[in-house]
Amino acid sequence: FVNGQPFDACPRQVLKRAVERLADRRWTLKVGIEPEFFLLKALQGGWAPADDADRLAKPSYDLKSLARQLPFLLQLQDTLERCGLDVLQLDHEDAHGQYEVNFAFAHVLSSADHLMLFKLAAQAIAERHGMVFSMMPKPFADQPGSGMHCHVSLWEGRNDNARNVFVPHRADGALDTEQTLSPLGRQFVAGVLAHAGALTALAAPTVNSYKRLTVGESISGTTWAPAYVAHGPNNRTALVRTLHGRFEWRAPDASANPYLMLAGMIAAGLDGIERGLDPGPDCDEDLFVLSLAQIAERGIALLPQNLAEAVDALECDATVCGALGDTLAREFIALKREEHTAYARHVSDWELQRYATTF
């Protein structure tokens, strides 16, 4: 607040404005956020997983590494639960030193607040245990990066009488078990797909983000970070994975500001509803095994492949920029262009090793 008035460029106020647009229709958005993170230690000239023994070729759900980090994880769980968060699960993820926490889904503003509290708590607790908590999207080239998937559902009404309007029903009013989303839910997803480029600037807001959102083969193999603008039932290779009565938006990474990315997503979804957009046919293929030519044959677009492309898409998108507001959109775009320019002009060790004696 400035002079007692909401500051228009405050990210939390941006999300509150988006929530008000939903409230005008008697709708409430509920979101479950799944942040992934690394526990690291500093080395001479670099970083490494804090646990030296965390070295399995396939470390996902590694119970031995999980047990070695129980002092940190249990203290984190206890701290968050004392603050009122419902911690559903803590597990070891696909990379060495990588973990994930799952919270119960909640009102979109509460979920964003919970994420910020989690980050502050995890940073402080990791420091007490002699480690560094990191939500850098892709700290290691040969390991998967950290995502922050969002499970989204839209509700009408209040409290116990609220109903999920994304749940599909047949013409006779019975639940439709063959579909994942209602027509309204499909329109919302269509809006997210239509504005995918601009949303990527908010969901993947660093130059490092695009080491995770790769097209084609990755150094680390399967990344579970889709760069393809598609949707499909339980399809983790698509940008939007649909489930019964909700969808999972898989683009966001762990560096994203939750208030901004969720406000942008709401604006995109509402645009899809207001314009009655169709998301197109469901995709049930493994998009990671298809060539770029095969992706193009199916008419599937790609997400921006670097921060500059994403910022260009954001600048051209009146709907998503409108959700941010003039001040924040202008400053965000300027700062992110500056970040990409600084990155592009940096001379890396990779360049020196490859070119210094080549020519």
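I took a salt bridge to be a side-chain nitrogen of Lys or Arg within 4 Å of a carboxyl oxygen of Asp or Glu. The model I am reading is a predicted one, and by this rule I count 18 salt bridges in it.

Entry one, a pair within a helix. I looked up Asp78 and found that it forms a salt bridge with Arg82, with 2.9 Å between the closest N and O atoms. Both residues belong to helix α3 (residues 70-82), and because they are four residues apart there, about one helical turn separates them. Asp78 is partly exposed at 37% relative accessibility, whereas Arg82, at 69%, is exposed.

Entry two, a pair between a helix and a loop. I noted a salt bridge between Arg186 and Asp282, whose closest N and O atoms are 3.2 Å apart. Arg186 lies in helix α5 (residues 183-194) and Asp282 in the loop between α8 and α9 (292-297), so the pair ties together parts that are 96 residues apart in sequence. I recorded Arg186 as partly exposed at 23% relative accessible area, and Asp282 as partly exposed at 38%.

I found the side chains of Glu274 and Arg21 joined in a salt bridge, at 3.2 Å from N to O. Glu274 is in helix α8 (residues 258-274) and Arg21 in helix α1 (residues 11-23), so this pair links distant parts of the chain, 253 residues apart. Glu274 counts as partly exposed at 47% relative accessibility, and Arg21 counts as partly exposed at 35%.

Note on methods. Residues numbered from 1 in each chain as written. Predicted model: local features only at pLDDT ≥ 70, side-chain atom pairs only at ≥ 80, totals over all residues. Heavy atoms only, no water. Buried < 20%, exposed > 50% of the residue type's maximum accessible area, 1.4 Å probe, protein only.
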